[in-house]
Amino acid sequence: MSALHYLADGFLIALQWQNLIYAFIGVLIGTAVGVLPGIGPMSGVALLMPVTASLTAGLPPEMAAASALILLSGVYYGAMYGGSTTSILLNTPGESSSVVTTLDGYQLARQGRAGAALSIAAIGSFVAGIVALIALVFLADPLSDMALQFGPAEYFSLMLLGLCAVSGLGGKSMTKALMMTVLGLLLATIGIDNVSGVARFTYDIPDLYQGLEFLTIAVGLFALGEVFKTILERDQSAQEIIKVGRILPSKQDLKESVAPIARGSLLGFFIGVLPGAGATLASFFSYILEKKWSKHPERFGKGEIAGVAAPESANNAASGGAMIPLLTLGIPGSGTTAILMGALLMYNVQPGPLLFSDHPQIAWGLIASMFIGNLMLLVLNMPLVKLFAKIIETPPHFLLPMIIAISVFGVYAVQISTFDLILLVLCGLAGYFLNKNDFPLAPLVLGLVLGPMIENNMRRALTTSNGDFTIFYTKPLSALFLVCALAWLVVPLVMKRRGKTVVINEEA
């Protein structure tokens, strides 16, 4: 009962008029940040940190810290929702965790079901946020202990499982999916090696020293790829103005989304708890799980509502899960929570095991405000669904320049580099040709995301074991993940071969 008592005290802080205003401003800015490609929650929170310092200047230290965290965390989970809007309407991922939403969300929009897709994304985000927060209240301590059990070997094996699971995003051909995964891993090696400091595949081009910007490649492949398809093929379906059907989801849509939202919320939360895993991995895993679980996996990628509900729930739940290692252990689980940790330290508040006892006002006020903020997001975004959905009715000769402008602005805002704009166009052309030849784009993106994580964790694990590779299968959790990864590849091949044998015997 102590957790509920503390939560009630937290609501007393979160419901103060100035904190309600800060929460509203946070989720409003967060939604805008998520919609614009390239800015993302990390940049949004970082840009607003100095602003919160001036806004809370006259308040007592504890209250100032609580108010600042309420605003900044509002930007964080608001951006997680906002990224779905352009993913669904324009095939332009607002941030990395929204890449998976483009696979089915954009297809739904082209079928005139943009309103249903946006509504399900809003409902899924709200439910996932509430599930994550309830779990945060009651499971923070045991889950933080569990997260500590994950060392470099366990992370390496988990990421490897993620790569093997990518066959679920491969469409018709697992071979093409694996080829695209390898290409993503190869692109991830470009830049300065973090351990040795050696430049890899940079060819003395200074712009390549930092590596390839993930969002530039994702926006190029998905958004500009679609633009080039329309221009080069004079796609007649794109020339017609797509009419938006009903705005709210039908009973069938809701029925088909209930289980994916529940599974995505739980899976996203538990992946979010693991430092370094992040919302992007959560959304990919959730989508793969739904495709494997579905009775009709062939519908995925063609406009399946579960393909929007699951990843959108997972990425929002992951943002709640990422708060557990930050608040209870003082370990930031993602780039955005690292900036939130910086905000806490700016107010002389040390996150970690003593935060809940030394600064209960801040910890519980923040958790309570996240309940209120998620409700604000739902109330704010559901009425806007109709307005957002109208974007898809824009004639192509107006819509295409708008997609190009949003893509260019978003990509240029990240590093302010003309090289990234050239890369954006090249990725757009590559996306068009790959799509035309049935090469799936999602495995490439996942390989690019997981590549640096896999390499870093493998090196850390081998450093601790003095180069002994047995560390990966002598640790129980790591061994379990490796067995699952192997099974993910082998079982479908065995089933396929057995199916062929049965057909041959029947013919005989």
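Accessible areas here come from the Shrake-Rupley method with a 1.4 Å probe, and for residues only the protein chains shown count as cover. By that method the accessible surface of the chain comes to about 21,700 Å², of which 68% belongs to carbon and sulfur atoms.

The model is predicted: local features need pLDDT of at least 70, side-chain atom pairs count only at pLDDT 80 or more, and totals for chains, interfaces and linings use all residues. Residues are numbered from 1 along each chain as its sequence is written, and side-chain values use heavy atoms, with hydrogens and water left out.

**Whole chain**

Start with a cartoon view. The chain has 23 helices and 2 strands; helices (H or I, at least four residues) and strands (E, at least two) are DSSP runs, numbered from the N terminus. Of the 508 residues, 55% are buried. Buried means under 20% relative accessible area, exposed over 50%, and partly exposed in between (1.4 Å probe, protein chains only). A contact means heavy atoms within 4.5 Å. Among contacts between residues at least 6 apart in sequence, 80% join residues at least 24 apart.

Next, colour by pLDDT, the predictor's confidence in each residue, from 0 to 100. The chain average is 81, and 89% of the residues score at least 70. Select helix H10 (residues 236-239) to see where confidence is lowest, at a mean of 46. Helix H20 is where confidence is highest, at 91.

**Stop 1: the nonpolar patch**

Select Ile231, Leu232, Ile422, Val425, Leu426, Leu429 and Phe433 and show their surface. These residues form a nonpolar patch with about 630 Å² of accessible area together. Patches are made of residues with over 30% relative accessible area and no salt bridge; like charges are joined within 9 Å, and nonpolar side chains (Val, Leu, Ile, Met, Phe, Trp, Tyr) within 5 Å. The elements that give two or more residues to the patch are helix H9 (214-233) and helix H20 (418-436). H20 gives the most, with 5 residues. Leu429 sits in helix H20 and is partly exposed, with a relative accessible area of 30%.

**Stop 2: Thr31**

Move to helix H2 (residues 17-35), where Thr31 is found. Is Thr31 buried or exposed? At 7% relative accessibility, Thr31 counts as buried. Show the backbone of Val27 as well: its oxygen lies 2.8 Å from a polar atom of the Thr31 side chain. Leaving aside residues up to four places away in sequence, Thr31 touches Gly78, Ala79, Tyr81, Gly82, Leu377, Leu380 and Asn381.

**Stop 3: the Arg113 and Asp253 pair**

A search of the whole structure finds 6 salt bridges. A salt bridge is a side-chain nitrogen of Lys or Arg within 4 Å of a carboxyl oxygen of Asp or Glu. Select Arg113 and Asp253, whose side chains meet in one at 2.6 Å, N to O. Arg113 lies in the loop between helix H5 (101-110) and helix H6 (114-148) and Asp253 in helix H11 (residues 251-273), so the pair ties together parts that are 140 residues apart in sequence. Arg113 is partly exposed, with a relative accessible area of 28%, whereas Asp253 counts as buried at 7%.

**Stop 4**

Select Arg200 and Glu455. Their side chains meet in a salt bridge of 2.7 Å, N to O. The pair links distant parts of the chain, with Arg200 in strand E2 and Glu455 in helix H21, 255 residues apart. Glu455 counts as buried at 18% relative accessibility.

The side chains of Glu455 and Arg459 meet in a salt bridge of 3.8 Å, N to O. Both residues lie in helix H21, 4 residues apart, about one turn of the helix. Arg459 counts as partly exposed at 27% relative accessibility.

**Stop 5: positive phi**

Phe201 is in the loop between strand E2 (199-200) and H9, and counts as partly exposed at 49% relative accessibility.

Finish at Asn466, which has a positive phi of about 55° and is not a glycine. Asn466 is in the loop between helix H21 (442-464) and helix H22 (471-474). At 75% relative accessibility, Asn466 counts as exposed.

Notes
Polar contact = N/O pair within 3.5 Å; in protein donor to acceptor, adjacent residues only side chain to side chain.
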